[in-house]
Structure formats: structure tokens, C-alpha cells
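Please consult the sequence and the structure while reading.

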Amino acid sequence: MSEFLVLSSWDFVSRSSFFVRSSLLVLACWSFVTTPAFSQERGTKNKEPETQPLRPEAGKFPPFEKSHAYRGELVFVDHANRRGSIRVEGTGKFYRNDPQPFAMLPYGVVRYQGAPADLRDIPLGTVMHVRDFLPPDPKTSAVPVLPVNNKEKDVGHYRGTGTAPAENHVLLLEDEPSHCLREGKVWKLNEVTLKNNAGKIIASRKQRSAEAGDSKEEELTFDAATRIWRGRERIRVADLVAEKAWPVSGKKSLDGQAVQLGITWKPAPGDGLSGAFTQFHISDIWLDDAAIQNAALFQTETHKVFIRSRWMPAWVDAVEYGKFGRATVTATLFGGMDPSLYTDFQKGAGAQMNGAENTLKHTAGHYGPSHIAANGKIVDVTQASGEAPVGSSGIQIQFETELIIEGIRPGRVVRVRPESWPKMQVPREEYLFDGASIDERFPTPAIFPKY
């Protein structure tokens, strides 16, 4: 079995080189749709985050390398407010850890199966890798604000340390295959133990070209519900047994077979003392490049439809006011999207811009977001030189309108719709009736318990 191709596409999240300037480049970019979101070029591979917690500043994208990193199980999602809860892996028994709330930064990026995603796309139970910071503004945080050193506390009851970080505003949220593809890694399967189509796999996450011994082995469970993908087909554990790739019963060496894994957690038999309640579970196995790229393709298409219906998020860099309500707005489009979405922002094209809250909710939308949005056209599109930080596309637009609305001010989050995107209604939970009220913007953080 050949190892996975790791193609450079951190650009999906931040770099501007994928901004397409012609239809030929659009076609060229299509080949990257199913590739991982990040690349080694971004300089984040194998970098450890800084120890000093960082609080992002308004109007600035925080440096990726200063983020706090952890992984854990997604146990609750409030997709309309871009927040949820994660059971964080610490130094103790995983199953005892209290779920910890998180909120996505307005420019925070979500990745699922190697493609752009929204929180609503990720099944509960999925183990996610997280990069996050302190709340930018504790007064308006959508989740509880904790002491800065909270992750260092030993919470007892076999939980250990690191399970309740104060850094709960997320820059990057990615599942296992997205994380591995970004870092150029694969899972090497060393041994399988099987009985009645269920069992355990001994595996280790490694760089594609790494020799044995560069990472520790993990024991992961699987069962008959584990999805196995080969090319464009989905097969069962029983199929691998029938093909004699896996044994009917007992152990078999898999000789370091390179795959990508989807990882979840669920209760397992045992008394908890042997690690049964800490083990992770395999939800999916992608056996080859074609399989994971096919999964990424479908997820990319799902996300493209979603963004076109909710509009591209951005923040306002500057506003140049004219007479009688006219204004020219300079805004930076957020990163993490498929390249084809950015190509729809063309100089001279008509567009609409609407104010948005930090959860990316439209701040006025009683009859749809188009009803009150500022109408105008895109008068310029520029590409920043060099690397753009994570969360930014590196693409800046100038939008000219004859009647600017209140929500469009420097430092504020907005959403933008090129005229080629459809006008659609959004559900009630995704817009604000009264953008001036913090209680209207989201239910208070009191919905989350503080353990």
C-alpha cells in the first residue's frame, strides 16, 4: 500500500497564492480541493506553542506559534453561536474529565476530513486538535472566563492537569486526518487483534518518511461500525477478513501500513485501571490517497454551499466616508475557505455587505440578510505579499456603497456577498434582532457550568 501524498495547501487557510486571477487558475486550483489545509511552508510543523498565554488584539490576527495546543473529544456544539464543549485530554483518566467550553474566534478555522468545515459538520465524539488563545475581550466572551493559569491546576479525582485551559478561544479546530495532513503525517498500523469483527490496533503517528521509533505507539479500538474507505468505496471489517488482509481471529502484523485515521472516544469495557476508559476509538480508516481525497472533496462542496448562503466573513480595516451616506470600505476576507470562493470577488462586480457579530451572525436579517445590507460594488481587490497569518486570506477588497449602514465600522466583523452568490434567507438562530443587546447576541455563558 503506497503512503499518502501530502500536497501543500495551508493556503486554503491563510496563504494568498491560491487567490485566482483568471479562469485558467480556477481550473488549476481544483486539483487542490481534496488536499490538506496546511503545508510545511507555513513554518508550523513540529513547532511547540509559547508558554506565555496570549490575548488576541482587535484588528490583528494572532500568531499561530503562540497558540495553546491540546486535543480532546467534541461533546457539545452550539453551531449558531460557533461554540461548544470539548473533553480535554490531560494527564489523568480521560473519561473523568469535565467538558470544557470553547468559542471560535471570528476568523477561527474549522477543518474536517482534510477540508473546510463548519461546526455543524463534525459529529459529536470526534477527537479534535485545538489551537487557541485567551478570550480577546473577557467582558463579552461567549464562554466562561477562567484564571490565566488554569491549565496548570491539578483538578484531582484522577483528572490530573491540563484539562481546563483558560485559552478557550479557538484559532484552529481540526480532526485527526486534517491534523495529520497539515503536518505531513500518517498513521502506521503495526498490529491488529481481532475477534467477532472488533478488536484493537497498535499504531503510531509518524512523519511519512520517518524511521521506526520516532513516536510512541498507541492502542486504539475498532468494531464492526468502523468505516473503512478504499478509493471511492466503503468496505467493512468483514471484507478485510475475507480478503485475508486481517485475520478471522487473533493477532496479525500489519507491517507499518500507512493510513489516515478518524478518531473518536466512547465508553469501553473494563475497570478503568488498565486504561480502557482512556483509549481512543477508530471511526474511519482511509486506506489510500484516493479515499481521503474523495472525503475531502465532498466536505469541500458542503462548505462551499454553506458559505455562499451565509456570505463570506471579513473584518473592516478602514472606512472612507463620502457625502450623503456614500463610503468606500476596505475589508480583509477571512481565511480557511476553498479557493474558488475567493475568485468570486472580482473588481467591478456588484456586492452586498452586512454587519455581523463576533459569532458571525448577521446583525440585521428580519427579512433576510440582503434586506438591510449595504449595496454597492467591489472597486478593487488586492493580494497581500508574503504569507498571510492563519485566519486571514491575505485578500483585501474595497467596497463602494451609496448608503453605508451602522454595523460597518473599522474593526468590526462583516459578511460580504458577491452578486454571483444567491440571495437566501438564514434561520432565526443565525441573525440578531437587536444587535445592541449582549443577551440577544448569544445566551449568556451561564449555560456552561464552571467545574
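**Salt bridges, strands and a cavity**

Arg 227 is partly exposed, with a relative accessible area of 28%; on this scale buried means under 20% relative accessible area, exposed over 50%, and partly exposed in between (1.4 Å probe, protein chains only). The model is predicted, so local features need pLDDT of at least 70 and side-chain atom pairs count only at pLDDT 80 or more, while totals for chains, interfaces and linings use all residues. Residues are numbered from 1 along each chain as its sequence is written, and side-chain values use heavy atoms, with hydrogens and water left out.

**Salt bridges**

- The structure holds 24 salt bridges, each defined as a side-chain nitrogen of Lys or Arg within 4 Å of a carboxyl oxygen of Asp or Glu.
- Arg 227 pairs with Asp 284 in one of these salt bridges, and their closest N and O atoms are 2.7 Å apart. Because Arg 227 belongs to strand β10 (residues 227-230) and Asp 284 to strand β13 (residues 281-286), the pair ties together parts that are 57 residues apart in sequence. Asp 284 is buried, its relative accessible area being 3%.
- Helices (H or I, at least four residues) and strands (E, at least two) are DSSP runs, numbered from the N terminus.
- Arg 71 forms a salt bridge with Glu 89, with 2.6 Å between the closest N and O atoms. Arg 71 counts as buried at 12% relative accessibility, whereas Glu 89 is partly exposed at 30%.
- In the salt bridge between Glu 406 and Arg 409, the closest N and O atoms are 2.9 Å apart. Glu 406 counts as exposed at 53% relative accessibility, and Arg 409 is partly exposed at 38%.
- One network of salt bridges with shared partners joins Asp 118, Arg 120, Arg 310 and Glu 430.

**Strand pairing**

- Strand β1 (residues 68-78) runs antiparallel to strand β5 (residues 127-133), and six bridges join them; two strands pair if DSSP finds at least two bridges between them. His 68 stands opposite Asp 132 in β5.
- Six bridges also join β1 to strand β2 (residues 83-88), again in an antiparallel arrangement. Gly 84 in β2 is the bridge partner of Val 77.
- β1 and β2 form a hairpin with four residues between them, and Arg 82 in the turn has a positive phi of about 50°.

**Cavities**

- The structure holds four cavities of 30 Å³ or more. On a 1 Å grid over the protein atoms alone, a cavity is a set of points where a 1.4 Å probe fits but cannot get out, and lining residues have an atom within 4 Å of a point. Grid points are joined across faces, edges and corners, and a volume is the space filled by probe spheres set on the points.
- The largest cavity contains about 300 Å³ of space. Its lining comprises 27 residues, of which Arg 82, Asp 118, Phe 306, Leu 360 and Arg 415 are the closest to its centre.
- β3 gives the most to the lining of the largest cavity, with five residues.
- The lining of the largest cavity has 13 nonpolar, seven polar and seven charged residues. Here Ala, Val, Leu, Ile, Met, Phe, Trp, Tyr, Cys and Pro count as nonpolar, Asp, Glu, Lys and Arg as charged, and the others, Gly among them, as polar.
- The largest cavity lies between domain 1 (64-178) and domain 3 (312-418), because both give residues to its lining; the domain bounds come from an automatic or database domain assignment.

Notes. 1 Å grid on protein atoms, 1.4 Å probe; cavity = no way out; pocket = protein on both sides within 12 Å on 5 of 7 lines; lining within 4 Å.
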